[in-house]
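Q: I'm new to this one. Can you put it up and walk me through it?

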Amino acid sequence: MFDDEQPASSGRLVFDDESAPTSIESQTTPLETGARAFAQAPGQTALSAYSGLGRAAEALVGTAEKLPGPLGTVAGGLARFYTAIPRTLGPIAGDAADRSEEVYAPDRARNPKAATVGGAIGQALPMAASAVVAGPAGPMALGAGMGADQGIRQAEEMGITDPTKKLAMGAAYAGSEMLIERMGGFGAKAFTDPLKRGAREMIKAGIKTVGSETLEEPATGIIQDAIAQGFAPASYDTTELRPFLPTRSGFPVPNDAYFTRRAYEALGGAAGGIAGAG
């Protein structure tokens, strides 16, 4: 499940998504991959969260303008006025996040475990810092923004153009992030309350955070894949979103790609939890 590479008959290395690379020397080492992912993650977290706010604001305007008659004109105008800043800056943040991904993202096909661990540790830093500064509301707000960004992006990838449906899918993703974060992530009292107490409580909270984060990430992935299936148009292939696949015999078989994502999510959650606990 976690195999990063496979030997080829030529003696070179063949990876999941491509044929043999041009040279072994050109590959990024796991340490370099992890370091790049770690350095990229804090900024990427903030950019994604604000991009999600901008996407949600744009979908809200489109939804308001769909209201019948003069109501749509008034509601749309008010929505445009009050969301002007996130609608202007959100796409800029989204473009910056995309450029960062293109330029600085590690080669996950070659070192996926290192990329997952490095990115999770890097993302844990702003999440934990926001919990210290703002309490549970901090990581919940960051999670909601990133969830909205991911949900609306997923809707657009599926070919959904209706702003109301995009807003609903973004809200569902954001809600799942907030709920899971509040129950067991950096937004949980197990993490935020002991910060105001002594070392013993902080150690206990750290252990709880590692365990909850390990479960939180795959749980969020399961919920969001189910949400995506619910919103997916009939023409969209939902194979990657389903945990089990049908067979001719009538007995479903596990979807390897689905459970591999869950395993990497658990790995990232554990790494992020350890970083936050430290």
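A: What follows covers the model, its overall fold and its aromatic rings.

Q: What kind of model is it, and how are residues numbered?
A: The model is predicted, with local features needing pLDDT of at least 70 and side-chain atom pairs counted only at pLDDT 80 or more, while totals for chains, interfaces and linings use all residues. Numbering starts from 1 along each chain as its sequence is written, and side-chain values use heavy atoms, leaving out hydrogens and water.

Q: How many helices and strands does the protein have?
A: There are 9 helices and 4 strands. Helices (H or I, at least four residues) and strands (E, at least two) are DSSP runs, numbered from the N terminus.

Q: In what order do the elements run?
A: From the N terminus on: β-β-α-α-α-α-α-α-α-α-β-β-α.

Q: How much of the protein is buried?
A: Of its 278 residues, 42% count as buried. Buried means under 20% relative accessible area, exposed over 50%, and partly exposed in between, with a 1.4 Å probe and protein chains only.

Q: And contacts?
A: Contact means heavy atoms within 4.5 Å. Among contacts between residues at least 6 apart in sequence, 66% join residues at least 24 apart.

Q: Switching to rings: how many aromatic pairs are there?
A: The count is 3 aromatic pairs. Rings of Phe, Tyr and Trp (its six-membered ring) pair if their centres lie within 6.5 Å; planes under 30 degrees apart count as stacked, over 60 as edge-to-face and the rest as tilted. One of them is Phe81 with Tyr82, edge-to-face at 5.1 Å centre to centre and 85 degrees between the planes.

Q: Are Phe81 and Tyr82 buried or exposed?
A: Phe81 is exposed because its relative accessibility is 61%, and Tyr82 is exposed at 64%.

Q: Why is the pair of Tyr258 and Phe259 called edge-to-face?
A: Because the planes of Tyr258 and Phe259 are at 75 degrees, with the ring centres 5.2 Å apart. Tyr258 is buried at 5% relative accessibility, while Phe259 is partly exposed at 30%.

Q: What else is around Tyr258?
A: Ring pairs link Phe244, Tyr258 and Phe259 into a cluster. Arg262 lies over the face of Tyr258, 4.5 Å from the ring centre. A charge sits over a ring if NZ of Lys or CZ of Arg is within 6 Å of the ring centre and within 35 degrees of the ring normal.
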